[in-house]
Amino acid sequence: MARVLTPRAEDFPRWYQDLIAKAKLADNGPVRGTMVIRPAGYAIWERMQAEMDARIKAAGAENAYFPLFIPESYLKREAEHVEGFSPELAVVTHGGGKQLAEPVVVRPTSETVIGEFMAKWIDSYRDLPLLLNQWANVVRWELRPRVFLRTSEFLWQEGHTAHATREDARAYARKILHEAYEDLMVNVLGIPVVVGLKTARERFAGATATYTCEGMMGDGKALQLGTSHELGQNFAKAFDISYSSAEGGREHAWTTSWGTSTRMLGGLIMAHGDDNGLRVPPRLAPVQAYVMIVKDGEGVGEAAAKLRDALRDAGVRVALDDRTDTAFGRRAVDAELRGYPVRVEVGPRDLAAGNAVVVRRTDGSKAPTPVADVVGAVLAALEADQQALHDEALAHRRSRTVEVSTLAEAIEAAATGWAMVPWSAVGVAGEAEANGQGVTVRCLLRADGSVPDDEDEPDLTAILARAY
């Protein structure tokens with residue numbers, strides 16, 4: 001397999017690109033910075049979408065859709081927001097063969113256009129909270145693109161809500177953070193994330209607070225996998241999102257926004273992949289069990305089809321590989337690259353003994369199993385390996401995280417992993433110094449590991465790392 005993929009220890013970025021290409025997950029698009037998501041990659045994204053969508057709806061939000069094109073004047077209404085996004089904007093100046101009276105921006109995010117319609121739709125306190133989400137593409141002109149991690153166009157969900165009070169907005173932003181984002185990442189993606197508060201320097205443009213889910217990748221770097229923002233009344237005042245209170249006065253709403261994207265696919269690859277390819281957690285995997293005919297004849301095809309049907313009846317997402325005109329070894333390598341959690345190999349020799357071979361992707365084990373016991377063995381393997389991938393990633397994060405007491409020690413530790421250091425030992429000046437050496441404050445935590453309300457709380461811990 002070393003000839004198929006560059007070993008991770010030898011060149012991690014090259015390994016990442018090799019895996020994406022060899023596993024047929026994605027390709028570079030024709031315009032620099034864009035990507036084509038191939039069926040194998042999109043199938044994983046669809047599973048992420050379905051799991052995330054269910055959690056968002058459980059939190060009470062409803063899906064809607066807003067325009068791709070946003071009048072430039074909308075972005076200029078919230079000064080900090082437009083300043084934060086200006087370098088990344090794609091602006092359309094001509095349409096239909098004519099110069100447009102007002103340039104339009106290809107949405108980098110939709111706070112401004114959704115704010116315009118929130119102002120239109122909200123009149124009374126009875127209209128609150130207004131909880132919206134959309135699944136869409138966005139464009140942020142990326143100077144240093146990397147497939148899934150940073151592309152000029154990417155897919156995501158973006159939630160936008162309006163509330164009557166600051167307390168309600170904060171509670172909802174955190175509800176999404178924990179019950180949708182953290183739950184999905186830990187319990188489905190198998191990535192143990194640290195959930196914390198971003199510093200003012202790292203905060204979303206126009207927000208009053210940004211909360212983040214940070215995962216450690218296989219090379220010890222951090223990846224921001226999702227964020228939830230309190231926007232205060234900044235956008236409400238810019239777009240006059242106001243309501244009549246129960247007391248009869250006119251009040252501005254408090255808003256939030258939150259998003260996760262196809263970056264989670266990149267995180268999945270880098271958190272769980274090994275030198276043989278992708279490893280997909282069973283709860284996420286589009287194909288959980290891959291039944292493979294080693295060699296046809298002697299009842300093998302019929303036995304494999306029956307196993308496929310039995311697995312499907314047991315609720316397993318299953319596929320059958322009967323391409324015996326392609327060498328079995330090549331097909332097995334492809335299955336390893338794609339990261340199917342379990343393979344069930346059916347060949348004449350094993351079948352003559354009443355067995356099939358159950359191969360687990362997570363640890364590479366191969367177990368001859370009586371055909372009658374295959375379904376039970378697969379179900380047990382799927383459950384065990386979901387936990388095993390999470391536990392392996394957690395052990396990796398713990399082994400590459402050190403507690404230090406000074407900024408200099410934190411910057412040094414960030415060369416190989418994460419550093420936990422008192423925020424008081426870093427501060428705003430220290431954060432700028434760290435940034436100058438390619439190290440960022442990923443988030444701030446309270447002593448008990450919970451998420452602080454603001455960075456001025458006493459005794460906070462900062463996590464510093466190099467990041468994607």
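This is a predicted model: local features need pLDDT of at least 70, side-chain atom pairs count only at pLDDT 80 or more; totals for chains, interfaces and linings use all residues.
1. Two strands pair if DSSP finds at least two bridges between them, and by that criterion strand S9 (residues 194-197) and strand S10 (residues 209-216) are joined by four bridges and run antiparallel.

2. Val 402 has Ala 419 of S21 as its bridge partner, and the chain passes from S20 to S21 by way of helix H13 (residues 407-413), forming a right-handed β-α-β crossover. On the S23 side, Pro 422 stands opposite Thr 461.

3. Ala 419, which is found in strand S21, deserves a separate remark. Its relative accessible area is 0%, so Ala 419 is buried, and its contacts, leaving aside residues up to four places away in sequence, are Val 402, Val 404, Ala 410, Ala 413, Ala 462, Ile 463 and Leu 464. Ala 419 and Ala 164 lie 39 Å apart, C-alpha to C-alpha, with a sequence separation of 255 residues.

4. The largest nonpolar core comprises 60 residues, and among those with the most contacts inside it are Leu 25, Ile 44, Phe 148, Leu 189 and Met 264. Helix H6 (residues 166-187) contributes the most to this core, with eight residues. A second, separate core has 26 residues, including Phe 66, Leu 75, Leu 89 and Leu 132. Returning to Leu 189, the residues that it touches, beyond those up to four places away in sequence, include Met 48, Leu 184, Met 264, Leu 268 and Pro 281, together with His 272.

5. Which side chain of opposite charge is nearest to Glu 431? Glu 431, placed in helix H14 (residues 427-435), is buried yet has no salt bridge, and the nearest such side chain is that of Arg 201, at 4.9 Å; a salt bridge would require a side-chain nitrogen of Lys or Arg within 4 Å of a carboxyl oxygen of Asp or Glu. Apart from residues up to four places away in sequence, Glu 431 touches Thr 199, Arg 201, Glu 202, Trp 423, Val 426 and Val 441.

6. Over the whole structure, a search finds 28 salt bridges. One of them joins the side chains of Arg 55 and Glu 51, at 2.8 Å from N to O; because these residues are four apart in helix H2 (residues 39-58), about one helical turn separates them. Arg 55 is buried at 17% relative accessible area, and Glu 51 also counts as buried, at 19%.

7. Arg 77 and Glu 116 form another salt bridge, with the closest N and O atoms 3.1 Å apart. Arg 77 lies in the loop between helix H3 (72-76) and helix H4 (79-85), while Glu 116 belongs to helix H5 (residues 111-121), so the pair ties together parts that are 39 residues apart in sequence. Arg 77 is partly exposed at 36%, and Glu 116 is partly exposed at 26%.

8. The salt bridge of Asp 274 with Arg 279 has its closest N and O atoms 3.9 Å apart. Asp 274 counts as buried at 16% relative accessibility, and Arg 279 counts as buried at 6%. Finally, a network of salt bridges links Arg 170, Arg 174, Glu 230, Arg 446, Asp 453 and Glu 457.

Terms used:
Residues are numbered from 1 along each chain as its sequence is written. Side-chain values use heavy atoms; hydrogens and water are left out. A nonpolar core is a set of buried Ala, Val, Leu, Ile, Met, Phe, Trp, Tyr and Cys residues joined through side-chain atoms within 4.5 Å. Buried means under 20% relative accessible area, exposed over 50%, partly exposed in between (1.4 Å probe, protein chains only). Helices (H or I, at least four residues) and strands (E, at least two) are DSSP runs, numbered from the N terminus. Contact means heavy atoms within 4.5 Å. Lys and Arg count as positive and Asp and Glu as negative; His and the chain ends are not counted. A crossover is right-handed if, with the strands pointing away from the viewer, the path from the first strand over the helix to the second runs clockwise.
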